[in-house]
Each structure stands twice: as C-alpha cells, then as structure tokens.
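Student: Could you take me through one part of this model in close detail? I would like to see what one residue touches, and then how its surroundings are built.

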Amino acid sequence: MTTTPQKIGFIGLGIMGSPMAGHLLAAGHTLYVHTRSQVPAELSAKGAIACADARSVAQQADIIFTMVPDTPDVERCCSVSAVSPQACPRARPWWT
C-alpha cells in the first residue's frame, strides 16, 4: 500500500502524542508540531517542524491531530481565538 505524503499538524507531544507523531514522520508525511513543553529532540531530528502555537500549525497543515489531556486544553488549541477562519481559510470542522 502506498500513501501520498500529506501536510499534517500534530498538537500535543506527550506520552501518547510523541510516538503517534513519530509514526506519521516515518510514513513520509510533513509534520508541523506544537506542544506545551519542548518538542522532543528525536522528532526534530526526524524532520518535525516546530510551530510557535496552534494557529501556526493550522496555517501550515491540511490535517490536524490533537492529543491533549483535558477539555480546557482542547478549548485552548481549537478555540476561535486560536484558529480563526480568517487565519486558516481552509479549516473546517470534521463533521462537515
């Protein structure tokens, strides 16, 4: 099976997010990442592109994964103030 490389965003690189992001890199995708702490060195070494915030991830990626611990964290990275339609005109909710 072959896949077409995608521009993927990943927000949250903790215990679960970091390995998942690593698999996306290994599959040949371009990966834009953001996390509360420092981006793991192994992901940077494999080509992950660190972004300053969720908005920067959304402006670069066509697909975005979030792997954050709790509702307030989801609200912070996915709120209208963090990722607005004006900043990210291609963005649309998964349910559309």
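Tutor: Happy to! Let's begin with S18, which touches L13, P40, E42 and L43, leaving aside residues up to four places away in sequence; contact here means heavy atoms within 4.5 Å. This is a predicted model, in which local features need pLDDT of at least 70 and side-chain atom pairs count only at pLDDT 80 or more, while totals for chains, interfaces and linings use all residues. Residues are numbered from 1 along each chain as its sequence is written, and side-chain values use heavy atoms, with hydrogens and water left out.

S18 lies in helix α1; helices (H or I, at least four residues) and strands (E, at least two) are DSSP runs, numbered from the N terminus. With a relative accessible area of 11%, S18 is buried. The cut-offs are under 20% for buried, over 50% for exposed, and partly exposed in between, using a 1.4 Å probe and protein chains only.

P19 also belongs to helix α1, but P19 is partly exposed at 42%. The C-alpha atoms of P19 and L43 are 9.0 Å apart, although 24 residues separate the two along the chain.

Then comes M20, again in helix α1, which counts as partly exposed because its relative accessibility is 35%. Together with I15 and M16, M20 forms a nonpolar patch on the surface, with about 360 Å² of accessible area in total. The areas come from the Shrake-Rupley method with a 1.4 Å probe, and for residues only the protein chains shown count as cover.

Now for the sheet beside the helix. It is open, with four parallel-paired strands in the order β3-β2-β1-β4; two strands pair if DSSP finds at least two bridges between them. The edge strands, β3 (49–50) and β4 (63–66), each pair on one side only. Helix α1 (residues 17–26) packs on this sheet, touching β1 (7–11), β2 and β4, and its direction makes about 170 degrees with that of β1. Axes are lines fitted to C-alpha atoms, for helices over the stretch in contact, and angles run from 0 to 180 degrees between N-to-C directions.

Four of the five residues of β1 are buried. Five bridges join β1 to β2 in parallel, with I11 partnering H34. On to β3: two bridges link it to β2 (residues 30–34), also in parallel, and V33 stands opposite A50.

Methods. Patch = residues over 30% accessible without salt bridge, like charges linked within 9 Å, V, L, I, M, F, W, Y side chains within 5 Å. Salt bridge = Lys/Arg side-chain N within 4 Å of Asp/Glu carboxyl O.
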